[in-house]
Amino acid sequence: MRSKGFVSAFFIATTSGHSVQKWKGKEMNRKNMKKLYKITPYVMLGLMVAGCTDLDTEPLSSTITSDQKEEVVESDPSRLEASVAAVAANFTQYAKIYTEDDNVHSDIGYPTIMLATESRGTDMVADITGYNWYSNSADYSDCLNTSTATIEFWGTLYNQIFTANNVIGTVDNETEDPTLQYYLAQALAVRAFDYFTLIQLYQFNYKGHESAMGMPLITEQNATEVAANGCARSTVQETYDFILADLNKAIELLTATTKERDDKRYVSLDVAYGIRARVYLAMHNYAEALKDAEAALAKTTATPYSRADVSKPSFINIEDNSWMWGILITEQDRVSTTGICNFPSHMGSLNYGYASVGGWRRISPKLYSEIPASDVRKGWFLNGEGVSANLPAAAQTYITGKKAPAYTQVKYGVLNDQWGTDNNATDIILMRVEEMYLIKAEAQAMSGNVSGGVSTLNSFVTAYRDPSYQCTATTPEAVQEAVWQQRRLEFWGEGMAYFDIMRLNKGVNRLGCGFPTTAVFNITAGDPVQIYSIPNKEVQYNPLLENNPLVSAPTPIPDVE
């Protein structure tokens with residue numbers, strides 16, 4: 001449920017109709033009501049007045065004025081519970097905005113960002129077909145300010161920011177109530193995560209771009225001003241300062257509270273440290289990234305997947321010991337009942353969906369060839385003959401029968417090992433503990449402790465993935481490259497690859513990577529096409545919002561190295 005209270009006045013809520021889709025003989029109902037939000041100075045006055053003075057207190061079904069909000073939730077924190085749950089639920093809410101078109105099957109919440117950005121890199125290959133709803137990211141036509149990708153990104157993240165702001169604006173920042181401390185920390189941490197994702201999509205990395213345009217910072221405090229005048233983009237420096245301030249406060253609150261999270265949908269102290277470690281890594285502040293990675297490891301109960309754990313299709317269960325944070329999916333969730341409008345449909349090879357009828361997700365053969373035979377992760381993909389040692393016999397029979405192409409991923413499992421199932425209610429990874437070890441290794445080396453970084457990297461890889469691995473790097477930069485290679489393998493398909501390309505100032509060289517001829521590029525680092533344009537209508541609605549330079553998709557080149 002979404003809280004209707006303390007509506008940030010820069011958002012308009014509208015609804016779209018109900019539609020029924022037929023696809024490959026299966027009937028499915030798309031979401032019959034979607035709340036759509038956009039930043040705009042042209043907010044309907046009635047909505048502003050009603051939204052800013054009411055607090056929805058579901059499930060108690062009573063309304064209180066804005067002056068009473070903090071007092072009421074302080075005396076009865078349960079009145080805010082639905083709003084906090086909505087913050088987590090928004091990871092899979094449809095974000096389509098500016099149109100009533102209900103037929104965009106790429107619009108699946110945060111996993112949209114994961115799949116689109118993975119499609120922009122060098123390591124995940126898929127054919128440019130109607131079954132691949134992320135083809136426009138693979139061929140970079142999503143760089144346009146009218147692309148569905150940028151509209152979905154913007155809508156997904158600002159929609160969740162809106163929900164987080166509802167909570168933040170209702171809780172006393174200095175509350176000593178453990179439940180409210182926990183609730184406030186959830187909203188602050190997720191808001192920071194959202195702004196961090198936005199700044200990585202719409203601007204180059206922090207170092208060297210501190211004065212460049214960052215994000216419009218929409219908060220619980222500036223709704224009236226935004227509604228009246230629009231909202232300009234803050235600088236990159238200001239955006240990162242804001243992100244860190246939210247995370248610092250979230251960590252303070254999670255340290256103080258005695259309330260434990262109910263499940264891994266929610267942010268715990270180790271997760272908050274992990275998010276901040278990511279932020280510092282992107283800022284190239286390696287000393288602080290190291291501290292936070294170590295703090296996360298010290299606080300977490302998570303342990304890495306063992307070689308045995310990942311010697312079969314996995315990565316679908318939030319209860320796995322490796323997961324620190326994730327998106328919890330049930331069979332009743334709308335993202336599941338759509339049948340094919342979900343992450344497993346677009347990614348999965350062993351279940352029913354878009355991937356298994358032609359949108360197969362494959363590892364680049366170039367990267368595959370670099371995985372040693374002793375590395376368990378080689379079995380996360382079919383080899384050149386369409387076989388994986390990691391697959392149970394029934395799974396191999398299934399995927400062979402489906403005529404999956406060489407190098408198709410079989411990393412992701414299915415519910416109850418039901419190969420070919422149309423039940424796609426599998427959970428989605430947001431953070432695994434393995435990341436903290438790799439951040440630690442990179443940050444150690446880049447902050448001056450090269451031998452420490454090598455030791456951490458060797459210990460992790462040999463213990464959990466490849467007993468024959470040996471990093472012999474002797475410079476910080478060489479260790480960083482070695483860690484990047486491990487990240488490319490470890491987090492393949494988990495929505496991190498493109499952000500690594502950007503923070504490391506890499507280009508996108510697809511020569512020899514197995515991409516379709518219309519998607520073979522050699523994009524140099526810093527090319528404007530690497531960052532997204534803000535949605536055109538967003539700029540139209542907000543007179544203070546300046547867009548990134550408008551660019552066109554790159555021209556494909558011959559696949560000759």
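Me: Which residues lie nearest the centre of the second largest cavity?
Reply: This is a predicted model. In it, about 100 Å³ of space lies in the second largest cavity. The lining is made by 17 residues. Those nearest the centre are Ile316, Pro344, Tyr412, Gly413 and Thr426.

Me: Which element gives the largest share of the lining of the second largest cavity?
Reply: Two elements give two or more residues to this lining: helix H13 (343–347) and strand E8. By class, the lining has 10 nonpolar, 6 polar and 1 charged residues. The largest share is 3 residues, and it comes from H13.

Me: How much space lies in the largest cavity?
Reply: A search of the whole structure finds 10 cavities of 30 Å³ or more. The largest is lined by 20 residues, with Phe196, Gln200, Arg278, Met496 and Phe499 nearest its centre. Its space comes to about 250 Å³.

Me: Which element gives the largest share of the lining of the largest cavity?
Reply: Elements giving two or more residues to this lining include H4, H10, strand E8 (428–432), helix H16 (434–446) and helix H19 (497–503). The lining divides into 11 nonpolar, 3 polar and 6 charged residues. The largest share, 4 residues, comes from H7.

Me: Which residues are closest to the centre of the second largest pocket?
Reply: About 370 Å³ of space lies in the second largest pocket. Its lining has 19 residues. Helix H10 (269–282) and strand E6 (323–327) each give two or more of them. The closest to the centre are Glu260, Arg261, Ser268, Leu269 and Asp270.

Me: How many residues of each class line the second largest pocket: nonpolar, polar and charged?
Reply: Glu260, Arg261 and Asp270 are among the residues closest to the centre. Each of these three belongs to a kind counted as charged. Across the lining, the count is 7 nonpolar, 5 polar and 7 charged.

Me: Why does the pair of Phe91 and Tyr110 tie together parts of the chain, and how far apart are they in sequence?
Reply: Both residues are buried. Their rings lie 6.0 Å centre to centre with 90° between the planes, an edge-to-face pair. Phe91 sits in the loop between helix H3 (81–89) and helix H4 (110–119), while Tyr110 is in helix H4, so the pair joins parts separated by 19 residues.

Me: Are Phe193 and Trp325 stacked or edge-to-face?
Reply: Phe193 lies in helix H7 and Trp325 in strand E6, 132 residues apart. Phe193 is buried at a relative accessible area of 3%, and Trp325 is buried at 0%. Ring centres are 5.1 Å apart and the planes meet at 80°; planes over 60 degrees apart count as edge-to-face. The pair is therefore edge-to-face.

Methods: Residues are numbered from 1 along each chain as its sequence is written. This is a predicted model: local features need pLDDT of at least 70, side-chain atom pairs count only at pLDDT 80 or more; totals for chains, interfaces and linings use all residues. Side-chain values use heavy atoms; hydrogens and water are left out. On a 1 Å grid over the protein atoms alone, a cavity is a set of points where a 1.4 Å probe fits but cannot get out, and a pocket is an open set with protein on both sides within 12 Å along at least five of seven lines; lining residues have an atom within 4 Å of a point. Grid points are joined across faces, edges and corners, and a volume is the space filled by probe spheres set on the points. Rings of Phe, Tyr and Trp (its six-membered ring) pair if their centres lie within 6.5 Å; planes under 30 degrees apart count as stacked, over 60 as edge-to-face and the rest as tilted. Buried means under 20% relative accessible area, exposed over 50%, partly exposed in between (1.4 Å probe, protein chains only).
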